[in-house]
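Student: I would like to go through the charged side-chain contacts in this model. Could we take them one pair at a time?

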Amino acid sequence: MLIAQITDAHVGPAGRLFYDRVDTGAALSAAVAALNALEPRPDIVLFTGDLGDEGTPEEYAHIAARLAPLEIPLAVVPGNHDRRAALRAAFAANPWLPAGDGPLHQAIEDFPVRLIGLDTLDEAESGAGRIDAAGCDWLEARLAEAPERPTVVFMHHPPFATGIGHMDAIACHGSGALAAVIARHRQVERVLCGHVHRPVTLRWAGTVASIAPSVAHQVALDLRPGGPSAFVLEPPALQLHLWLPGQGLVSHIRYLGDHGPAIAYATGEPV
């Protein structure tokens, strides 16, 4: 099984650039084209939040148009720049998003690896996320249903520190309780996150947790205490997570853009 992860597109209304510099709509389209061209093709794409920048219906109409060419099943969870009601309305046909007006938690049972999405959006907060007691109870119940099935949990806000201070300040509240749930369930192979716009990996709560880079722009890597909040135009990227039975989940970064063809070592010619 091959899982693709994209995150943090921050798509605004059609025609608007992010900070007058980044065409995030075009960046999302480039990610879709790259996904469709992959061989082997992923079984599913996980969009780990911040689809939009302000979460307006106008943005989601633009996002839907950019995602329409995607030929792979898509699952989404919201980020802090999303808005739950507008996202739910825009993706009403998605088979995994729950109806109603509650959190967009979801359990996806259709693949060899079980996928559990957590909604960490706290619309009362500015940037930070939250997993509350009800969310932890929901996750505990879902994990208890299939203790022998390899499982990936995906969410927007990382429940751990990265050393990038301004991002750690708006991470996931309630992470201690979440860590206790994850640690009780050894079938959790990975916790996949977004939000930080950088590739980050660590051992956490008895499993491996990771953050994918943005498909648009990255957060500047600054590990100084009190470092400024800033973004940088490092290459956009997505992640691919390959499930190898008997071994586990193997992850790769796939940079987006035209970097030329692969060159064969034996001949020096493109392949």
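Student: To start, is Asp 222 buried or exposed?

Tutor: This is a predicted model. In it, Asp 222 is buried, with a relative accessible area of 14%.

Student: Which residue forms a salt bridge with Asp 222?

Tutor: The partner is Arg 224, and the closest N and O atoms are 2.6 Å apart.

Student: And is Arg 224 buried or exposed?

Tutor: Arg 224 has a relative accessible area of 52%, so it counts as exposed, the cut-off being over 50%.

Student: Moving on, what does Arg 130 pair with?

Tutor: Arg 130 forms a salt bridge with Asp 122, with 2.9 Å between the closest N and O atoms. Asp 122 is buried at 16% relative accessible area, whereas Arg 130 is partly exposed at 36%.

Student: Where in the chain are Glu 71 and Arg 41?

Tutor: These two form a salt bridge, their closest N and O atoms being 2.9 Å apart. The pair links distant parts of the chain, 30 residues apart: Glu 71 is in the loop between helix H2 (57-67) and strand S3 (74-77), and Arg 41 is in the loop between helix H1 (24-37) and strand S2 (44-48).

Student: How exposed is each: what are the values for Glu 71 and Arg 41?

Tutor: Glu 71 is exposed, with a relative accessible area of 52%; Arg 41 is partly exposed, at 36%.

Student: Which residues are linked in a network of salt bridges?

Tutor: Glu 109, Arg 114, Arg 142, Glu 145 and Arg 149 are joined in such a network.

Student: Finally, how many salt bridges does the structure hold?

Tutor: The count is 15 salt bridges.

Terms used. Residues numbered from 1 in each chain as written. Predicted model: local features only at pLDDT ≥ 70, side-chain atom pairs only at ≥ 80, totals over all residues. Heavy atoms only, no water. Salt bridge = Lys/Arg side-chain N within 4 Å of Asp/Glu carboxyl O. Helix = DSSP H or I, 4+ residues; strand = E, 2+ residues; numbered from the N terminus. Buried < 20%, exposed > 50% of the residue type's maximum accessible area, 1.4 Å probe, protein only.
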